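Student: Hey, I've got a new structure to get to know. Could you walk me through it?

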Amino acid sequence: MKLIATTYEKLEHRRTGLTIALLVLLLIAGGLLSRLEVEQSIVAMLPDGDSRVASDFGLLQQAPFARKLVIHLRAEPDVPLEQLLAATDRLRAALPADLFRNLLSGPTDIDPIGLTRGLGNALPFLLEADDLEQIEQQLTPEKIDRQLATRFAELLQPQGIALKESIRHDPLGLQQLAFAKLGYLNPLPGVRIEQGQFVSADGRSSLLLADTPALITDAVAGRKLVDAFAGARRVLPVGITADLLSGHPYTLANAEAIQKDMQRVLVVSGVGILLLFTLFLRRLHAVAVFLLPLFCIAAALVITSLWFGRVSGITIGFGAVLLGITIDFGLHVYFALQHGSGLRPALLKAVSRPVLFGGLTTLAAFSILLNSDLPGQRQLAIFAMAGIITALMLALLVLPHYVGSNSATRSTRTWFDLNRVFREQPNLRWVVVLLWFGVAMVSAFEAQNMTINGELRQLSYRPEELRRAEQSLADVWGRMRDRALVFVAAETMDDALDTNQKVWQLLKQQQVESEAVSLAPLIAAPATQQQRLDNWQRFWQRNGDRTSRLVQSAGLKYGFSGDAFQPFFDSLERTPEPISTKSLEQWGLGGLLDNLAPKKKEGAQLISLIPDRPQLIEKLEPSLAAIPGVTLVSQSRFGRQLSREIAADFANFIIYAGLAVLMLLLLLFRRIQDVLLALLPVLTGLLAMFGGMGWLGIEMNLFNVIATILIIGLGVDYGIFMVCHSRQTAETASTRAIVVSGLTTLVGFGALILARHPALHSIGLTVLLGISAAVPTAVLVIPAFRPRSG
């Protein structure tokens, strides 16, 4: 374009001033970046606003154990239980209090006597109609006689004196029904309490639970936490091991894996780029081309931080990867000026058109992300657009003053004249076209097998040691963190309890109450409690006298006095206080209550845990959704919803980005044949990427979307340059620039295939698939369809 050439001529003798201006801008950018606030959270890559995924993710963070540190101790078969309990106490004492807070090894706040007495008094409010039927079946002479015989045998035991009052208040063992209700509060299946500590059913495992001030996303704090645990674990005797399970070890493992991967990748890519530099550039001033992306990233960071205030760490990481494509602009300008033929202003005029339109098409593709439901992608759009605009300005207005001399550029012999080969061997053109068509068809067929996975865990690195520890915890204690949650929200606790009771009835209809954790069996709504009290009183009005005679008769048989069980019958005449959340706190169940009835500034909330089985969730979803104030959150469904959101977002991106690119290409070329040729590299690259993923069984995830944007940006650029090259008379060395650009991308990003971290490996593999197809399509297939004359 003439404007670019004119600007070059005006700045041609002002290189010193231009350098000073660049240094001043760098200093300003450095000052602004020193105050950069980075936000480390995966939330940026989740849909926001009123989307179901965003609300579900927020609710999942409130799940019991979601933010707890879980320490799992395991003993060898020959280690006695007493030694395991002692080791648990030693480890608890050895853990530093500043990192491990509110350590809990068992229900230490529970008052056994107060709990037993409280449950006994609360029986009228706990028992439902089927419980009363069960009691009535026990009120026969034979069964009452058997009960009192059991009580008499208990009194003869060494602990009989301590059981005396308990037996007087409950000769028929009715409190067992109340304790059964209490079991629905237990989130740990098979747990038993030994000397005030959580112990597994087989007696070989114990648990420690704790809070921590260390943020899960903070790798530095995670290292301190893991190191402190490793140091404290040394107090354990031989035969007992302990594992720390929380998000912190995973964060640390991912951070360290990424760090090691990047060291490996940087060495490989650095060596590769050095070889490319030696083979194709060979001049010291060409270093300016490789500095171009660094300037672009700095500018993008400044603009994004000014726009949003806080910048997501994910945006910085992915944005830095994506802005690697800006080297493409610099390479085209460099090769045009270094290896083209003619005066520099004329060469700049010739190369500026494809560079500018290549940048505009990439800008158009990124601008589509501004409409994304993912805040991280919207931020990424601003980051990338700012970087690309900076790259275009630097490549076209600044870089020409720092590469080569300002004299006329002399023609250099083309290193490989493919157009001449095609002109001399016309049949070879069709061989290339047929091979390309075959690869495209195979890729399109295999692309049908590609699936989308929104499971966040699949995006992180999970060391084998942590996998084994997680599986061991699940084998012993169940998957305490992998349950679906039913949230009940209401203005008052009474309303929440009433709704929670409806939820419980639905769970009973599906026969999953034995696997559920809920307050409903223990605390019913006030109206329900009053109804149960009325039923209780009517029951004993019918059965009280007869039961009294049978108990007294059987009691005399085993030597009990006539009034031995009078406290029990007196309790039937009293009207106790209804059960409330305060009742549970008084009994020492405050810890369990906080998990299922978290305190809110406004309103009330209750949480129930249910099995996260897809078939069950599908059955319950419509019924629960019909109850006002009820929300079902399933981790498995969350993954499926996120997959659908990603698929919809990705489909919209492909459609709208494609339309935007198509319109710009029509504006540039104004001939449908040229537009179709220019689209060949990007379409082939995407087909090869999707087909390769389908063939290899690789699922599309959040990180592959980034690789797709990279392939679209570079693929369109390659097509524009090759079509412009076929129409121009001036030699701008576009073929060489595209080959070097593609090789640079493959070396720089394809090296990520060596990474162990799934996200980095995924980006590397998908870029390798896409660019490996886009570059040959640009430099071989487009010339095969249209050989350049001359």
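This is a predicted model: local features need pLDDT of at least 70, side-chain atom pairs count only at pLDDT 80 or more; totals for chains, interfaces and linings use all residues.

Student: Okay. Which residues is F669 in contact with, leaving aside its neighbours within four places in sequence?

Tutor: That list has D674, V675, A678, I720, V723, C724 and R727.

Student: And which residues touch the most other members of the largest nonpolar core?

Tutor: Those are V333, F335 and F669, in a core of 109 residues. Helix α29 (residues 702-727) gives the largest share, 15 residues. The core also draws at least three residues from each of domain 1 (1-35 + 283-405) and domain 4 (421-450 + 671-789).

Student: What does the second core include?

Tutor: The second one is separate and has 72 residues, including V486, A516, A554 and I627. As a general point, nonpolar side chains in soluble globular proteins tend to be buried together.

Student: Let's switch to rings. How many aromatic pairs are there?

Tutor: The structure holds 11 aromatic pairs. Take W536 and W540: their ring centres are 5.7 Å apart and their planes sit at 70 degrees.

Student: Why is the pair W536 and W540 edge-to-face?

Tutor: It's the angle between the planes: over 60 degrees counts as edge-to-face, and W536 and W540 have their planes at 70 degrees, so the pair gets that label.

Student: Where are W536 and W540 along their helix?

Tutor: They are four residues apart in helix α22 (residues 526-557), so about one helical turn separates them.

Student: Are W536 and W540 buried or exposed?

Tutor: W536 is buried, and W540 is too.

Student: What about F560 and F565, what kind of aromatic pair do they form?

Tutor: A tilted one, with 5.0 Å centre to centre and 50 degrees between the planes. F560 is buried at a relative accessible area of 12%, and F565 counts as buried at 5%.

Student: Which residues do ring pairs link into a cluster?

Tutor: The cluster consists of W536, F539, W540, F568 and F569.

Student: New topic: helix α8. What span should its residues have?

Tutor: Helix α8 (residues 141-155) has 15 residues, and at 1.5 Å a residue they should span 21 Å. The end C-alpha atoms are 21 Å apart, which agrees.

Student: Which residues of α8 are buried?

Tutor: I144, L148 and R151. They cover an arc of only 55 degrees around the axis, and that puts them on the same side of α8.

Student: What do the buried residues of α8 pack against?

Tutor: They pack against α7 (129-138), α9 (160-169) and α22.

Student: And which exposed residues does the face turned away from the buried side of α8 carry?

Tutor: That face carries E142 and R146.

Student: How about helix α10, which of its residues are buried?

Tutor: In α10 (residues 175-182), they are Q175, L177, A178, K181 and L182. Looking down the axis of α10, you find them within an arc of 150 degrees, so they line one face of the helix. The buried residues of α10 pack against α5 (112-121), α6 (123-126) and α7.

Student: Now backbone angles. What is phi of N102?

Tutor: Phi of N102 is near 55 degrees, a positive value in a residue other than glycine. Most residues other than glycine have a negative phi. N102 lies in strand β3 (residues 101-104) and counts as exposed at 58% relative accessibility.

Student: And where is Q511?

Tutor: Q511 is in the loop between α21 (493-509) and α22. Q511 also has a positive phi, about 60 degrees, although it is not a glycine. Its relative accessible area is 66%, so Q511 is exposed.

Student: Last one: T499. Which residues is T499 in contact with, leaving aside its neighbours within four places in sequence?

Tutor: T499 is in contact with V488, I627, P628 and V630. T499 is in helix α21 and counts as buried at 10% relative accessibility.

Technical notes:
Residues are numbered from 1 along each chain as its sequence is written. Side-chain values use heavy atoms; hydrogens and water are left out. A nonpolar core is a set of buried Ala, Val, Leu, Ile, Met, Phe, Trp, Tyr and Cys residues joined through side-chain atoms within 4.5 Å. Buried means under 20% relative accessible area, exposed over 50%, partly exposed in between (1.4 Å probe, protein chains only). Helices (H or I, at least four residues) and strands (E, at least two) are DSSP runs, numbered from the N terminus. Domain bounds come from an automatic or database domain assignment. Contact means heavy atoms within 4.5 Å. Rings of Phe, Tyr and Trp (its six-membered ring) pair if their centres lie within 6.5 Å; planes under 30 degrees apart count as stacked, over 60 as edge-to-face and the rest as tilted. The expected span of a helix is 1.5 Å times one less than its number of residues. The arc is that of the directions from the helix axis to the C-beta atoms.
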